[in-house]
Amino acid sequence: MSTRIAFLKGHGTENDFVIVPDPENAIDLPPTAVAALCDRRAGIGGDGLLHVVRSAAHPEAQAMAAEADWFMDYRNGDGSVAEMCGNGVRVFARYLQHAGLATEGDLAVATRAGVRTVHLAKDGDVTVGMGRARLPEGDVTVTVGERTWPARNVNMGNPHAVAFVDDLAHAGDLLAPPPFRPASAYPDGVNVEFVVDRGPRHVALRVHERGSGETRSCGTGACAVAVATARRDGADPAVTGTPATYTVDVPGGRLVITERPDGEIEMTGPAVIVAEGAIDPEWLETAAR
């Protein structure tokens with residue numbers, strides 16, 4: 001690396017990301033480099049990294065290039081690859097708008113979980129078509145300290161375990177991944193959501209995101225929570241024939257999740273670009289070793 005590398009910083013309900021524009025997929029971002037950039041003391045700081053690449057230029061996205069010009073090559077804060085990030089998609093779309101690569105209205109974004117449809121609204125909110133949830137069968141439990149709860153297994157393109165608790169404090173510090181059983185339910189790890197009721201069709205959560213620890217928000221997690229809550233409440237849209245909309249409070253703000261009778265899920269919330277600058281290539285090369 002010989003030239004400075006552009007970056008931006010953004011967040012969606014305080015789930016924050018380092019954004020690295022790289023249309024031609026020319027920047028090498030090994031896990032060590034991503035982890036260094038996401039380090040909150042020695043790097044820029046973020047829950048994850050959004051690598052912005054043209055779909056046609058990335059081997060994992062070339063098959064989606066006809067549907068979506070841009071690929072969200074998402075990485076967790078520890079440098080590991082993730083299939084999908086709901087808050088990340090909103091911030092990714094906001095970046096494209098900020099850079100003049102998208103306008104208000106509809107936009108398609110390629111992700112490892114498939115193509116996602118995004119709507120950039122005039123009021124600043126961003127709505128993402130999150131696809132359909134899968135509900136793998138089998139009993140799952142999660143544990144914190146001496147407490148163990150049954151959890152709903154929900155897959156939103158990435159795995160979630162949703163546990164309903166009496167008090168969000170029961171989730172503990174969420175510094176380490178909460179243990180779960182059986183191990184076979186989540187061979188690649190899991191995002192764990194702890195949920196309490198706030199009112200009719202209104203819940204709040206705390207989340208441990210796989211590879212990132214506790215975060216201020218998780219978009220796919222909020223969707224998983226809405227789906228699990230609707231099933232608990234007997235409000236499955238496929239059964240009732242009417243959409244189910246839930247307000248989901250996260251530590252960093254509020255998201256609105258709607259599941260339609262055909263199973264499609266939409267998530268609406270804010271997305272903000274807060275800064276932009278340049279990464280020193282010598283620092284990055286040293287930090288990535």
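## Val109 in strand β5

Val109 belongs to strand β5, which covers residues 105–111. The model described here is a predicted one. With a relative accessibility of 0%, Val109 is classed as buried, because buried means under 20% relative accessible area.

Setting aside residues up to four places away in sequence, Val109 touches Ala68, Trp70, Met72, Phe92, Gly114, Val115, Arg116 and Val118. Arg289 stands 180 residues from Val109 in sequence, and the C-alpha atoms of Val109 and Arg289 are 32 Å apart in space.

## Glu193 in strand β12

Strand β12 spans residues 191–199 and includes Glu193. Glu193 is buried but forms no salt bridge. The nearest side chain of opposite charge is that of Arg210, at 9.9 Å from Glu193, whereas a salt bridge requires a side-chain nitrogen of Lys or Arg within 4 Å of a carboxyl oxygen of Asp or Glu.

Beyond its neighbours within four places in sequence, Glu193 has contacts with His160, Ala161, Val162 and Ala163, with Arg206 and Val207, and with Cys218, Gly221 and Val225.

## The cavity

The structure contains one cavity of 30 Å³ or more. The largest cavity holds about 80 Å³ of space. Its lining is made up of 13 residues, and those closest to the centre are Asn76, Met84, Asn158, Asn191 and Glu209.

By residue class, the lining of the largest cavity comprises five nonpolar, six polar and two charged residues. Strand β4 (70–76) and helix α3 (219–232) each contribute at least two residues to this lining.

Note on methods
Residues numbered from 1 in each chain as written. Predicted model: local features only at pLDDT ≥ 70, side-chain atom pairs only at ≥ 80, totals over all residues. Heavy atoms only, no water. Helix = DSSP H or I, 4+ residues; strand = E, 2+ residues; numbered from the N terminus. Buried < 20%, exposed > 50% of the residue type's maximum accessible area, 1.4 Å probe, protein only. Lys, Arg positive; Asp, Glu negative; His and termini not counted. Contact = heavy atoms within 4.5 Å. 1 Å grid on protein atoms, 1.4 Å probe; cavity = no way out; pocket = protein on both sides within 12 Å on 5 of 7 lines; lining within 4 Å. Points joined across faces, edges and corners; volume = space filled by probe spheres on them. Nonpolar A, V, L, I, M, F, W, Y, C, P; charged D, E, K, R; others polar.
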